[in-house]
Amino acid sequence: IALRREHRALTGERWLTGRARVLFGRDGKIAGMTGITFDITERKRAEDHMRFVMRELSHRTKNILAVVQAMAWQSSQGTDDIEEFLERFTRRIESLRRSHDLLVKREWEGVELADLVRGQLSPFLDEAARRLTISGPHLLVKPSGAEDLGLVLHELATNASKYGALSVPDGRLSIEWSVYNGDTGRPLFAMTWRESGGPR
């Protein structure tokens, strides 16, 4: 008779699997047993990690689909022209893609805020170094925050390129951010978007 079983060690930190064979004598009675035990802790950890990754992937996929649905609705507002809708929607999708590219580079740990700002503004500025000034402390933005803030920056840049400072050659854009203690003592984030040299 062959037996196999997996179980957690008494310490709770290790997983073991055992294989055993029961030996019978000529009289049909149990004469003994032989077996071996393997440490399968790393395999169990890998399985747990895979389950975590799958749950996280499902969660992020649902979030992304909700964001895309909201972008489609926003893109449809104020127009009945399918070409205009597609142009708006495509630009918003590209904005989301740029944020995701930055997240992938850091293995979804977050995005450097300065990189996020530059990444979202780059399609709107041919001479970014001359027309864009950014300043603020080093901050790592969480994935969900990077997606949301990236879309906000995209919307502001789109508006500036149509009606504001980025619609004229001499227009300039300054983006600053800071972290300060609010009334409750909790740290708060503030970002300032300032345009100059553009239309009134």
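**View 1. What follows helix α1?** Just past the end of α1, G78 adopts a positive phi of about 80 degrees. Keep in mind for this and every other view that the model is predicted.

**View 2. Helix α1 from end to end.** Helix α1 covers residues 41–76. With 36 residues at 1.5 Å each, α1 should span 52 Å, and its end C-alpha atoms sit 53 Å apart, so the two figures agree. The buried residues here are T41, K44, V67, M71 and S75.

**View 3. K44 over the W15 ring.** Here's one of those buried α1 residues again: K44. K44 lies over the face of W15, 4.6 Å from the ring centre.

**View 4. A nonpolar patch on the surface, made by M50, F52, V53, M54 and L57.** V53 belongs to helix α1. How exposed is V53? Its relative accessible area is 32%, so V53 counts as partly exposed; the cut-off for exposed is over 50%.

**View 5. The one aromatic pair in the structure.** It's F85 with F89: the ring centres are 5.7 Å apart and the planes meet at 5 degrees, so this pair is stacked. For stacking, the planes have to be under 30 degrees apart. Both phenylalanines sit in helix α2 (residues 82–105), and because they are four residues apart, about one helical turn separates them. Residues three or four places apart in an α-helix point the same way, because there are 3.6 residues a turn. Are F85 and F89 buried or exposed? Both are buried.

Key
Residues numbered from 1 in each chain as written. Predicted model: local features only at pLDDT ≥ 70, side-chain atom pairs only at ≥ 80, totals over all residues. Heavy atoms only, no water. Patch = residues over 30% accessible without salt bridge, like charges linked within 9 Å, V, L, I, M, F, W, Y side chains within 5 Å. Areas by Shrake-Rupley, 256 points an atom, 1.4 Å probe, with all protein chains shown as cover. Salt bridge = Lys/Arg side-chain N within 4 Å of Asp/Glu carboxyl O. Helix = DSSP H or I, 4+ residues; strand = E, 2+ residues; numbered from the N terminus. Buried < 20%, exposed > 50% of the residue type's maximum accessible area, 1.4 Å probe, protein only. Phe/Tyr/Trp six-rings, centres within 6.5 Å; stacked < 30°, edge-to-face > 60°. Lys NZ or Arg CZ within 6 Å of the ring centre and 35° of its normal. Expected span 1.5 Å × (residues − 1).
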